[in-house]
Amino acid sequence: VFCLDRKIKNLIMNYLNEEQVRRNISSKKRIVIKVGTSSLTYVNGKPNLRFFNSLACQIMDLQNRGYEVVLVSSGAIAIGMPLLGFEIKPNNLPQKQACAAVGQGTLMHLYERFFHEYGGKVAQLLLTKGDALNPKRYLHASTTLDALLALGAVPIVNENDAVSADEIKVGDNDTLSAVVASICDADLLIILSDIDGLYDKNPSLHLDAKFISYVPEFSRAFLTMAGDAGTARGTGGMATKLKAAEICVRSGIDMIIANSHLPDVLMNLIDGEPIGTLFLAENVHPQMKKRKIIIGSTIKGKLYIDAGCKNAIVSNGSSLLPAGIVKVEGDFQEGDSVSVFYENEEIARGITYYDSQDIQLICGCHTEKLTAVLGYEKTYDTVIHRNNLMVIK
């Protein structure tokens with residue numbers, strides 16, 4: 001009896017924990033939403049216009065409520081296939097890329113049409129794996145996403161399938177969405193698909209498969225639950241979604257897998273309804289989210305700063321401004337990683353917006369004088385923005 005009571009108590013506690021976590025979803029501010037090919041198109045490759053309309057309406061309603069939303073969208077190849085006379089996805093890479101090139105334009109036209117109906121504006125970003133792995137390109141992708149969100153646009157991201165070869169491909173948009181969530185420092189990733197969420201085994205093959213609504217701690221053992229790829233039109237399946245979940249939770253980002261065709265699925269998820277499978281993020285220190293692009297990068301130079309600048313960075317979480325820099329060492333370019341020193345102590349590392357020669361010119365310079373000193377219109381007010389600066393403790 002004691003064991004039974006303990007099990008019941010644990011189940012109740014887990015339920016309460018999930019309920020609390022679900023309630024907290026409404027406090028997320030920056031959300032990445034990924035939608036798959038099977039949700040956007042019919043079996044014949046034609047677009048599901050009703051779904052496009054619902055998706056645009058829900059995202060704009062979230063934006064009206066104060067949320068920032070990035071959309072990662074599949075569908076370019078599938079939409080391009082019937083336009084080029086293909087009934088099934090071609091195996092030939094150039095033909096796939098041709099479908100993507102034709103389909104991407106049509107896909108964006110559909111998004112522009114439906115978002116415009118609800119007063120929205122959209123922007124297209126086509127990424128490759130290199131944009132996530134190269135610090136300079138990572139920096140620019142992050143800055144562009146920040147600027148678009150600040151200006152009220154909805155960035156629509158897809159892999160650049162028209163030019164991507166295997167060695168530069170992310171490979172699937174589930175993984176891409178997790179990478180985008182990391183790049184833009186999102187609070188939540190929602191993957192919308194044609195499945196309800198995670199089961200302990202494939203529900204298509206096992207009638208006794210049990211649905212898992214909450215994963216408070218991610219384990220690689222979950223990968224054994226994954227089946228094969230999804231539909232013939234898409235590239236994903238549960239395996240890619242679990243890979244995305246691992247990226248997210250290790251980066252401090254919550255993730256949800258949910259059925260895209262549930263009525264008002266996005267609004268209900270944000271309102272805390274127990275829909276889909278929720279993967280709880282690890283408690284990652286905000287500074288450590290940046291470890292991959294900063295700690296893992298080769299340090300190309302050093303910046304020495306004064307006491308006031310040190311205090312602003314360490315105590316106040318400030319960006320590194322030119323006025324606080326007293327000396328530059330090394331030969332480095334924009335987008336390189338550099339160390340920040342106060343006297344003989346390294347206090348931070350980060351990715352610089354300016355090269356070493358320009359920083360030599362603007363050492364000790366106040367923001368309003370940057371353009372005159374540089375001899376060209378300043379690109380940024382900061383040398384290292386706080387989002388790309390990690391304090392060494």
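These legends accompany several close-up views of a predicted model.

View 1. Let's start with rings. Searching the whole structure turns up seven aromatic pairs. Tyr 199 belongs to strand β6 (residues 198-199) and Phe 211 to strand β7 (residues 211-212), so the pair links distant parts of the chain, twelve residues apart.

**View 2. Phe 218 and Phe 279 form a tilted pair.** Here the ring centres are 6.3 Å apart and the planes make an angle of 50 degrees. Phe 218 sits in the loop between β8 (214-215) and α9 (238-250), while Phe 279 is in strand β10 (residues 277-279), so the pair ties together parts that lie 61 residues apart in sequence. Are these two residues buried or exposed? Both Phe 218 and Phe 279 are buried.

**View 3. Four residues join in a ring cluster.** Look for Phe 52, Tyr 111, Phe 114 and Phe 115, which ring pairs link into a cluster.

**View 4. Lysine charges sit over tyrosine rings.** Lys 29 places its charged end over the ring of Tyr 67, 5.2 Å from the ring centre. Elsewhere, the charged end of Lys 327 sits over the ring of Tyr 304, at 4.5 Å from its centre.

**View 5. Eight strands build an open sheet.** Follow the strands in the order β3-β4-β2-β1-β5-β9-β10-β8, and note that their pairing is mixed. Which strands stand at the edges? They are β3 (122-127) and β8; each has a single partner strand, so one side of each is left without a neighbour in the sheet. Strands of a sheet pair through backbone hydrogen bonds. Within this sheet, β9 (residues 254-259) and β10 pair in the antiparallel sense over three bridges, and Ile 257 stands opposite Thr 277 in β10.

**View 6. β13 and β14 form a hairpin.** Strand β13 (residues 337-342) pairs with strand β14 (residues 345-351) in the antiparallel sense, over six bridges. One place to look is Ser 337, whose bridge partner in β14 is Ile 351. Two residues lie between the strands, and Glu 343 in the turn has a positive phi of about 55 degrees. Strand β14 is also joined by three bridges to strand β15 (residues 389-391), and the two run antiparallel. In β15, Leu 389 is the bridge partner of Gly 350.

Conventions. Residues numbered from 1 in each chain as written. Predicted model: local features only at pLDDT ≥ 70, side-chain atom pairs only at ≥ 80, totals over all residues. Heavy atoms only, no water. Phe/Tyr/Trp six-rings, centres within 6.5 Å; stacked < 30°, edge-to-face > 60°. Helix = DSSP H or I, 4+ residues; strand = E, 2+ residues; numbered from the N terminus. Buried < 20%, exposed > 50% of the residue type's maximum accessible area, 1.4 Å probe, protein only. Lys NZ or Arg CZ within 6 Å of the ring centre and 35° of its normal. Pairing = 2+ DSSP bridges.
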